[in-house]
Amino acid sequence: MEWILAQQTPLSSHPATDSKIVGAIPELVIILIILLMIATAVALVTQRLRIPYVTGLVLAGLPITEVLSRRIGLDPSLVLNLFLPILIFEAAINTHISHLRSTFKPITLLAGPGSILSSVIIAILVKFGLGLSWIPALLIGIILANTDTVSMIAVFKEIRVPSRLTTIVEGETLFNDAAALVSFNLILVVYATGSLTVIEGARELLVVALGGGLVGAILGYLSLPIFAQLNDPLSRLLLTVALALGTFQIGQFLGVSGAVAVVIAGLIFGNLGLTRSSSASDRIALLSFWEYAGFGVNTFIFLLIGIEINPVTLWKILPSILLVILACQLGRILSVYLLLAGLRWFDRPIPLRWQHVLFLGNIKGSLSMALALSIPLTLPGRNNIIELIFGAVLFSLVGQGLSLPWLVKRLKINQASDEMEQSGKLQIQLIAAKAAQDELDSLLKSGILPKAIYEELWASYQARVAESERVLRDFHNQYRADQLRGDRHGLDAIRRQLLLAEKGAVSAALRKRIVPEDLVQPYIKDLDEKLLKLEDD
């Protein structure tokens, strides 16, 4: 964004330059106020019309393209170095590793082979359909083959879907950013040098991905003792900002994937740092900050996407854009339905209704546009490539963004039985009461809370815990009776979480040489069989 980057320009000692910069500040403030007012109006309208907020932002930005496009713009460097790390880190610290572990295979399948297959299909169709050379066709394929992290996480936050499906979507969008960035850079290397063998490319991809994971793991674990030593909540918050932005920059500096580094660092910090080294109030403050940061970044990104796109220009090349859109959809169809059809041989199958959501949920956004704007100026047909990508992104955000909530409701994916609704409410009540009791224990040990007040408050929470546990036990007994009658519903989500906890504990005991391996393997195999028999939550 030119108006943001302008504030980073060093001040000159020349009086005329100083006066220009000072005079530009009120204009920047006015533009910022206008954008915030537009975002507020969009929030009100989208709530009333029940459409995704990000789609409303893009549509709101389209009419003001000619008014503000000369003053502001979607700067690719700003998106990749500031916005993307913030959004990836915010998603990573809210992702539970146990959920990723249980969905690792479909995530890997979609983010790895699925992304490559889709890229190749799009590139081939675009090359022969539009007569482009291989380099521009491959760039279009790579840029449009990957689901955009910013777009999908923003849309899925507004749609209630099963937790496993949410984890698969968020996991794919988190990890295939690395594939897009690395593959994009490899194609640019081929364009600059004129050659790159398949072996060299695969080795480079492996080194960059594994190197990014290593950098993220090191920095994530190093941040834990520092976070534990800080007593000031604001200092802890600043540490997380430094971790998110610094990890990305260090990864880029070392020539590895900064996106992968931020994902791994965020997962480590979110699952170890927040749960072990902070009080409940500190965790709420920190997570609230990152939620607000993610929301603010989303707001500006999608407004700027709408402002950056010129509908008049896209209308002139509409047939070519439609071909690119068709290629994207065909690539996604084959990568989802074809690859996931074989998943049943080594993991729990993905229901067909979920596959429909994974297909339509392949929404593009800021990353695709940022990569398009990063294409070298010397590449022949650069402007045409950018327009084609912008057209596909606009269709994705508006067409797929509006139809995805409708599809979820149509497929009845977001509906839960009355028993599950009641069970979920009881779980929330039980979790909240247990957390409050833990906080009371901490306050008592620190000397802040008198013993008499502690006992009174603890007893009141214990009554709530006892009531929730009693009703949940009744639900569980009913669930077991229904199982005997062949009616399976109810508490499979809880049973899965318990079985995963068992598996994690036994695996940890094996790594510590506490139990012999020949006894552990049959037990883990039995747990895996039980997990496969459970219905998807």
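Ile 116 sits in helix α7, and in this predicted model Ile 116 counts as exposed because its relative accessible area, 52%, is over 50%. Together with Val 120, Ile 124, Phe 128 and Trp 134, Ile 116 makes a nonpolar surface patch of about 510 Å². Helix α7, which covers residues 104–130, gives the patch its largest share, four residues.

Let us turn to the partner of this helix. Two packed helices are described by the angle between their axes and the distance between the axes. For α7 and helix α10 (residues 163–193), the angle is about 35 degrees and the axes are 8 Å apart; the crossing is right-handed. On the α7 side, the residues in contact include Pro 106, Leu 110 and Ser 115, while those of α10 include Arg 164, Glu 172 and Phe 175.

How many salt bridges does the structure hold? There are three, listed here:

| Salt bridge | Closest N and O atoms |
|---|---|
| Asp 347 – Arg 164 | 4.0 Å |
| Glu 455 – Lys 451 | 3.9 Å |

Asp 347 lies in the loop between α16 and α17 and Arg 164 in helix α10, so their bridge ties together parts that are 183 residues apart in sequence. Asp 347 is buried at 15% relative accessible area, and Arg 164 is buried at 3%.

Glu 172 in helix α10 and Arg 332 in helix α16 also link distant parts of the chain, 160 residues apart. Both are buried.

Glu 455 and Lys 451 are separated by about one helical turn, because they stand four residues apart in helix α21. Glu 455 is partly exposed at 44% relative accessibility, and Lys 451 is partly exposed at 47%.

Conventions: Residues numbered from 1 in each chain as written. Predicted model: local features only at pLDDT ≥ 70, side-chain atom pairs only at ≥ 80, totals over all residues. Heavy atoms only, no water. Patch = residues over 30% accessible without salt bridge, like charges linked within 9 Å, V, L, I, M, F, W, Y side chains within 5 Å. Areas by Shrake-Rupley, 256 points an atom, 1.4 Å probe, with all protein chains shown as cover. Salt bridge = Lys/Arg side-chain N within 4 Å of Asp/Glu carboxyl O. Helix = DSSP H or I, 4+ residues; strand = E, 2+ residues; numbered from the N terminus. Buried < 20%, exposed > 50% of the residue type's maximum accessible area, 1.4 Å probe, protein only. Axes fitted to C-alpha atoms, helices over the stretch in contact; angles between N-to-C directions. Left-handed = near helix turned anticlockwise from the far one by under 90°. Contact = heavy atoms within 4.5 Å.
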